[in-house]
Amino acid sequence: MTASIRSPRRAKPRTSRLLLNLLAVVAALVWIFPVYWMVNSALLPNVLLQSGTPAFLPFGGSLDNFVAVVGGGTFLPALGMSVMIAGITVVCCLFFAFLAALAISRFRFRGRKSFVLAVLFVQMLPAEGLFIAQYKMMASVHLLNTVLGISVLYIAAVVPFTIWMLRGFIAGIPADLEEAAMVDGLSRTQAFLRITFPLLAPGLVASGVYAFLQAWNEFTVALVILQKNADQTLPLWLRGFIQQSTSKAIDWGQVMAASTLVAVPVIVFFLFVQGRMTSGLVSGAVKG
Amino acid sequence: MTSSEASRSSALLTGTGLRRERAVDDTLAPRRRTRRRIAPYVLLIPAVGILVIALGYPLIWQLITSMQKFGLAQQFGKPADFVWFANYIALATDPYMWTVIGRSLAFCFVAAGCTMVVGTLFGVLMSTVNRGVRIVLQISMLLVWAMPVVAAMTIWTWLFDWHRGMVNWLLTGMGLDFHDHSWLQNPISFFAVGALVVIWMSTPFVAFCVYAGLVQVPGEVLEAAEMDGAGARQRFWGIIVPMIRPILAIVLLLQVIWDLRVFTQIKLLQDAGSIASETNVLGTYIYQLGTGSSDFGTASAVSIFVLLLTIMLSAFYVRSLVREDDEP
């Protein structure tokens with residue numbers, strides 16, 4: 001594209017381009033504003049938040065809200081609960097999903113197609129369509145309010161998509177590599193562990209982060225399974241802050257500090273796998 | 001699982017390398033071949049096991065219970081009467097159920113529709129603006145995308161707080177009468193807030209998908225069209241939209257599926273203070289039937305309805321994924 005062809009119409013595109021850029025900046029600011037508002041409010045004392053005019057910058061702010069929230073006695077148990085459940089979910093989910101992904105991407109067997117189909121459908125099932133039945137089941141085996149009970153449900157909820165994710169990664173590593181190693185005298189298992197497994201590490205990390213985010217953010221199932229105040233995960237703990245907010249006085253500074261504490265690990269992990277997500281997004285969606 | 005944004009992010013993260021592997025069986029010794037034949041089934045045991053326990057069993061229990069009269073009395077050990085489809089018939093003739101379905105559908109179409117429009121707009125913006133501006137927009141989108149849903153809800157509850165919320169302050173400042181206005185009391189403005197949060201949270205996913213599709217539209221095609229005199233609008237509807245139609249279709253389908261089952265956002269807004277019976281959607285209605293009134297028979301019937309609806313809608317999505325799995 002040469003300039004000479006465009007030149008007669010140059011003035012107009014330039015102003016419209018400027019307008020588009022401006023629009024994009026405004027859009028970015030509007031969308032990010034709630035997140036900024038969370039951090040801003042978290043730094044300000046409640047007295048300031050309850051005064052008539054909002055403070056748009058955290059001047060005179062402090063970490064007092066964070067100190068109060070962390071020292072409040074309920075945060076650390078909830079954090080411990082969330083870390084434990086997310087940890088169990090990630091480890092078990094990766095292990096189960098890895099074996100299953102191996103089966104569907106490295107073997108051709110009878111029922112493979114039905115299994116893939118089932119996995120994809122199960123992955124779409126809404127938690128809201130099953131949680132009452134899951135609650136009854138956990139109640140009947142006395143696993144309500146337990147880490148084990150909720151972890152089992154989380155693993156099952158996350159495993160299908162993790163299988164699908166890992167399948168893509170395993171299929172991306174040519175089986176020829178393994179075969180070559182086998183020709184050189186390694187057994188199938190050795191070839192897999194020494195050749196394929198190291199290449200798979202990024203896939204396992206991405207899937208692990210996915211499982212972690214699911215377990216960390218989950219609210220619906222936790223709401224029915226963990227009903228005691230003493231055994232709450234972070235999302236449930238956070239919910240406690242805004243319950244009845246229309247009828248009682250709320251220390252919004254502390255609520256926002258609590259929200260920031262819950263959101264930060266998620267944002268860090270999310271940005272960590274983001275590159276992989278967007279690149280996968282393209283190849284996955286375009287074919288559709 | 002959840003409707004959290006992270007799950008949305010990954011839902012299209014599917015086929016990265018889709019190569020069909022060669023079977024290597026033919027060179028193996030007979031004993032190895034037998035091992036190779038049962039190996040995949042052994043590998044599937046843990047995954048299938050956990051799915052059967054945590055999803056299969058509840059699903060079957062739910063299917064049976066949906067055809068039983070299972071209420072508070074059964075909670076305390078009274079055997080449940082089998083009533084076949086009485087629960088379903090009761091629901092189908094209950095005007096409240098239809099109100100809930102109507103509400104869910106309306107919410108879903110408004111939220112999914114607005115998300116698609118705004119998300120596509122943002123995706124197009126990303127692909128047309130300067131590099132620096134694009135990065136600013138993308139960072140903003142990523143941070144919103146990463147927000148955990150409950151944290152997002154606390155923020156929006158604070159923004160719409162009746163007394164000291166930012167929104168009321170802004171609208172009052174513009175000369176409107178929003179002093180101490182409670183947004184969550186009126187069902188219409190309740191759902192407007194809910195939809196706003198859902199749209200805010202889901203826009204980044206749509207924007208990035210659209211952007212990813214646009215990047216693949218060859219620039220020469222657009223330039224050629226421009227030289228032939230096609231205006232911006234013609235280029236958008238005539239070239240860009242047809243070329244990213246597959247992406248738009250799948251993203252729209254996912255939005256519809258996700259927004260139809262909206263639970264967390266509505267539940268938390270109800271918690272913040274509104275009359276649940278006037279703001280129930282399918283998910284919160286099931287929750288209320290099950291945990292509130294212990295009417296497990298009816299709750300199961302509504303759940304089965306939601307599951308069937310989801311499976312029907314998902315069929316298109318799953319078909320496109322399976323097609324991808326088959327492609328060499």
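Helices here are DSSP runs of H or I with at least four residues, numbered from the N terminus, and their axes are lines fitted to C-alpha atoms over the stretch in contact, with angles running from 0 to 180 degrees between N-to-C directions. What you're looking at is a predicted model, where local features need pLDDT of at least 70, side-chain atom pairs count only at pLDDT 80 or more, and totals for chains, interfaces and linings use all residues. Residues are numbered from 1 along each chain as its sequence is written, while chains are lettered from A and ligands numbered from 1 in the order in which they are written.

Let's start in chain B. Helix 5 (residues 95–128) of chain B packs against helix 9 (residues 187–215) of chain B at an angle of about 40°, and their axes are 6 Å apart. That angle is why helix 5 of chain B counts as oblique to helix 9 of chain B (under 35 degrees is roughly parallel, over 145 roughly antiparallel, 65 to 115 roughly perpendicular, and the rest oblique).

Now for the two chains together. Their contact takes 107 residues from chain A and 107 residues from chain B; two residues are in contact if their C-beta atoms, placed from the backbone, lie within 7 Å. On chain A's side, helix 13 (residues 252–287) of chain A gives the most, with 21 residues.

Finally, look within chain A. Its domain assignment, automatic or from a database, gives domain 1 (3–62) and domain 2 (74–287). The C-alpha centres of these two domains of chain A lie 34 Å apart. Where they touch, domain 1 of chain A supplies 8 residues and domain 2 of chain A supplies 7 residues.

Methods. Helix = DSSP H or I, 4+ residues; strand = E, 2+ residues; numbered from the N terminus.
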